[in-house]
Amino acid sequence: MRTLLFLLQKELLQISRDPAIIVILFVMPMIQLLILPLAADYEIKNINLAVVDHDHSSYSRHLIEKIKSSGYFRLTDYSPGYNQALRAVERDKADLVMEIPASFETNLVRDNQATLFIAINAINGVKAGLGGAYIQGIIQNYNGEVRELWDQYPAFDPEPVIAVTFSDWYNPHMNYYMFMVPGILVMLVTMIGSSFAANNIVREKEMGTMEQINVSPIRKTHFILGKLIPFWMLALMVLSVGLLIARLVYGIVPLGSYFTIYAFASIYLLAILGLGLLLSTYAQTQQQSMLVSFFITMIFNLLSGLYTPIESMPAWAQVITRLNPVSYFIEVMRMVVLKGSSLADVRFQILAVLGFAVFFNGWAILNYKKRSA
Amino acid sequence: MKQFYIFVKKEWLHIWRDRRTLFILFWMPIVQIVLYGFALTNEVKNAKIAVLDQSSDPATTAIIQEINASRYFDVIRYLHSYEDIGRTFRQGRIRLAVVFPVAFRYDLLHSHHAQIQLIADASDPNTANTLTNYATAIIQDYQQSLNPNQALPYEIKTQVRMLYNPELNGAYNFVPGVMALVLMLVCAMMTSIAIVREKELGTMEVILVSPLKPFRIILAKTVPYLLVSMLNIASILLLSVYVLGVPITGNLGLLVGESILFTITSLSIGILISNSAKTQQVAMFTSMMSLFLPTLLFSGFLFPVENMPWPLQVISNVVPAKWYYIIIKSVMIKGLGFSYVWKETLILAGMTLLLLGISINRFKIRLA
Amino acid sequence: MNGEPVITAQQLSKHYGHFTAVDHISFAVERGEIFGFLGANGAGKTTAMRMLCGLSIPSSGSARVAGFDVYRESERIKRSIGYMSQKFSLYEDLTVRENIRFFAGIYGLSRETIRERTAQLLEKLHLSAEGDQLVRSLPLGWKQKLAFSIAIVHDPVIVFLDEPTGGVDPITRREFWGLIYEASAQGITAFVTTHYMDEAEYCHRVSIMVDGKIEALDTPSRLMATYQSQTMDEVFLQLARKATRVAD
């Protein structure tokens with residue numbers, strides 16, 4: 001027991017002496033937390049539009065105005081011909097080209113029908129799909145206006161109409177930050193927790209102090225606890241600073257209780273640190289351990305529901321997310337912050353993460369030998 | 001020159017003998033491509049939703065069936081009361097609840113007006129929006145089916161053509177991004193760690209007293225990573241063409257040339273980081289935080305750069321990956337030639353020279 | 001030197017696949033002895049030592065260290081031994097005092113004892129002024145002596161030294177050996193591996209390993225007589241000519 005105290009004393013001294021660690025553990029993640037959510041926005045806005053207007057009629061001008069004022073589009077190019085407009089797309093000056101043929105207005109009024117041509121840069125499929133949908137929506141709207149101008153609706157029989165009303169619960173202002181920031185915080189804490197712990201131990205291996213420890217009577221469990229405890233505390237500190245920033249900068253106040261978050265985080269961190277520990281037993285050099293933990297955390301992060309929803313993944317990927325501790329924390333974080341879920345609501349996730357903690361740490365302890373075969 | 005070659009060979013052996021590292025360096029791009037190609041998408045399918053049907057009449061049943069039949073939705077819960085909705089949401093089981101009022105069909109037929117309420121879990125605003133849009137579309141389809149077919153006058157038809165990627169294959173967007181990411185990672189991060197490792201283990205002094213000029217030694221360290229990167233690019237391209245169905249429309253030579261340029265840019269960054277980092281740990285985290293994440297973000301393949309607040313857009317100009325991403329998209333996907341990407345190429349080349357210049361300078365200062 | 005040998009090895013071997021690093025060695029080390037374990041690089045010295053320290057499991061043979069069996073009681077062995085490797089294995093980012101406190105603490109010394117020993121040690125090594133300096137800032141020779149002193153701070157029965165004098169000047173090396181002599185006078189047995197043949201003359205007895213086997217074991221003077229040499233270097237050269245293993 002005393003040995004554990006000496007180990008902790010040594011760890012804490014080493015950590016406090018290394019200014020780089022403070023920067024890495026606190027400053028860098030905080031910068032990430034401040035920048036990432038600002039950048040992580042999937043909404044599509046400011047689509048660059050190139051217009052080719054062969055008609056120059058009041059109708060065509062009206063339509064263009066309508067599109068411009070919708071807020072989704074920016075008119076960045078006004079070319080005399082399609083080929084020139086296409087060049088704007090090639091140069092990434094425009095994402096979308098709308099060509100209004102000559103006698104557009106005349107055709108519409110006289111022949112009851114007119115056609116518009118739209119070409120979309122579809123490299124980003126999502127953006128193209130949405131951009132196309134937006135502009136077609138506006139055109140249809142405009143179409144309705146034209147119709148109203150010319151036609152009297154009472155000519156038609158009243159049709160049954162289903163009115164759909166919408167309610168948004170839990171994030172009524174559709175604040176994307178509320179959704180992304182907790183998730184990003186989880187990702188940061190995870191990356192730091194596992195990489196740091198793994199790296200630290202492998203560093204002792206590389207420096208030779210590990211051998212000195214192995215030749216001493218220090219017990220295996222004491223050594224492991226001596227590494228787990230300081231990093232566990234550090235990770236919780238990082239989490240706290242992150243939650244503080246979330247509150248102060250983004251105004252994110254959890255609907256649920258902080259206690260639930262911390263309770264879950266404590267167990268989760270044990271699992272993540274255990275993973276780091278496990279990795280360290282397999283790596284001989286810091287380069288290896290860094291790369292491996294980076295690789296694994298990258299896969300975990302991508303398959304966690306942070307950037308893309310789990311429900312959209314194919315079955316095999318969803319199985320992997322069930323085996324991924326990160327996805328549980330992200331789920332819990334979002335549930336507690338946005339929906340006010342309680343400890344009881346997340347008991348299944350707690351059990352899962354507990355399982356991971358036991359598994360990773362257990363395996364690590366089995367693997368770690370003071371004596372090599 | 002021969003001495004340089006000997007050093008390169010030694011460095012190559014270091015890497016070659018480290019099977020674990022090689023393994024990961026090789027598989028990383030492949031795993032990324034597989035994930036992005038097959039698992040990561042924002043498309044919505046099989047979203048779990050709940051239904052509160054307070055009418056239970058043929059109309060509601062029909063609508064519910066339509067919803068369930070669509071690939072977007074999976075009705076997993078039939079709720080019995082309004083309070084159930086909150087509870088089910090809090091348990092994280094569903095994303096959308098469809099609420100039918102009592103006497104739905106009756107109202108529809110007799111007052112020609114009925115309401116359906118869609119309650120969305122707006123924790124994820126994007127998904128919520130998408131789900132409500134899809135659900136509304138299905139409901140409106142049903143509404144259409146009740147009405148006789150009427151041709152509307154004054155119709156504006158639109159003909160839409162998708163450029164470069166008619167099938168809206170997501171891969172077109174991220175393959176260039178993955179290329180940028182992998183190169184940046186392998187070259188910058190691994191190189192910086194490798195160089196700092198010598199510093200940390202104390203073998204740097206030994207190297208510095210060898211007959212080869214110190215900076216050449218540093219360069220020798222980077223050459224193996226250059227080779228590994230080329231291998232990675234090759235595997236990414238092969239995967240894109242044969243597994244993801246993304247053809248190489250432009251000039252392959254130009255593509256390779258630009259990739260080599262970007263590789264050198266990344267290597268220079270790696271060298272610069274190794275200059276200031278004292279320990280491998282610092283090198284790694286610096287690379288990760290200042291390289292990997294910005295590259296992921298600002299290259300534009302994950303989140304569109306135009307969406308970002310203006311200051312971030314300015315920052316994105318400093319990130320080399322952004323320019324490389326544009327070049328790759330232009331050459332590989334749009335099939336454009338050098339005349340279109342000379343500006344970006346120049347910027348990349350300029351950045352490289354600047355970085356190398358700073359590194360060489362700092363190196364000299366340290367030795368003096 | 002009387003009583004039970006503190007180290008006994010019988011047919012101790014270690015192989016890695018087809019490669020035999022240590023080939024059936026047998027020897028005994030008496031209490032208080034300074035025992036030199038000589039050999040070229042790659043001869044198997046470090047491997048043998050690691051087995052005795054409980055850092056590596058032998059492939060076959062038996063050994064007892066400080067009265068405990070290396071197979072089944074390796075953790076108890078560790079309480080009674082000290083160890084110093086080539087890398088010195090001190091924490092560079094801790095101060096001299098903190099290193100002493102840590103290592104003394106994990107060997108179970110009480111707070112007062114730690115305080116006493118720290119003061120004694122600092123004085124003896126003339127490091128009293130540098131007590132609160134980071135080990136990183138000490139010159140190589142000081143680090144070495146410090147590492148050794150820390151290795152014996154808990155009065156172990158045996159102290160194992162693996163190539164402890166690499167990289168320092170001859171004067172510092174002589175001073176270092178002075179410390180070993182002092183320890184030996186206090187009854188601490190020293191088991192030293194080295195490839196510096198002149199250091200062999202500092203030992204009470206030496207063994208010379210070639211290709212994993214012990215080719216010679218005796219006092220330096222008797223060895224020099226047997227091989228008709230003026231220095232241990234010559235003795236070694238004669239034996240080493242038979243060697244087939246090249247250093248790695």
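A few ground rules come before the tour. Because this is a predicted model, local features need pLDDT of at least 70 and side-chain atom pairs count only at pLDDT 80 or more, while totals for chains, interfaces and linings use all residues. Residues are numbered from 1 along each chain as its sequence is written, and chains are lettered from A and ligands numbered from 1 in the order in which they are written.

Let's start with chain C. You'll find eight helices and ten strands in it; these are DSSP runs numbered from the N terminus, with helices being H or I of at least four residues and strands E of at least two. Its radius of gyration is 18 Å, close to the 18 Å that the globule rule gives for 248 residues, so chain C is as compact as a globular protein of that length. (That radius is taken over C-alpha atoms, and the rule is 2.2 Å times the number of residues to the power 0.38.) Along its principal axes, the C-alpha trace of chain C spans about 50 × 40 × 35 Å. Buried residues make up 46% of the chain, where buried says that 20 or more other C-beta atoms, placed from the backbone, lie within 10 Å of the residue's own.

Now hop over to chain A. An automatic or database assignment sets the domain bounds, and chain A is divided into domain 1 (2-40 + 176-367) and domain 2 (47-150). Taken over C-alpha atoms, the centres of the two are 50 Å apart.

Chain A also touches chain B: the contact takes 93 residues from chain B and 91 from chain A. Two residues are in contact here if their C-beta atoms, placed from the backbone, lie within 7 Å.

These two chains even build a sheet together. Strand β5 (residues 161-169) of chain A pairs with strand β4 (residues 113-121) of chain B in the parallel sense over nine bridges; pairing takes at least two DSSP bridges between two strands. Look for A:W169, which stands opposite B:D121 in β4(B). The open sheet has five strands in the order β5(A)-β4(B)-β3(B)-β1(B)-β2(B), with mixed pairing. At the edges stand β5 of chain A and β2 (73-79) of chain B, each with a single partner strand, so one side of each is left without a neighbour in the sheet. Further in, four bridges join strand β3 (residues 96-100) of chain B to β4(B), and these run antiparallel. There, B:V98 stands opposite B:L118 in β4(B).

Conventions
Buried ≥ 20, exposed ≤ 12 C-beta atoms within 10 Å, placed from the backbone.
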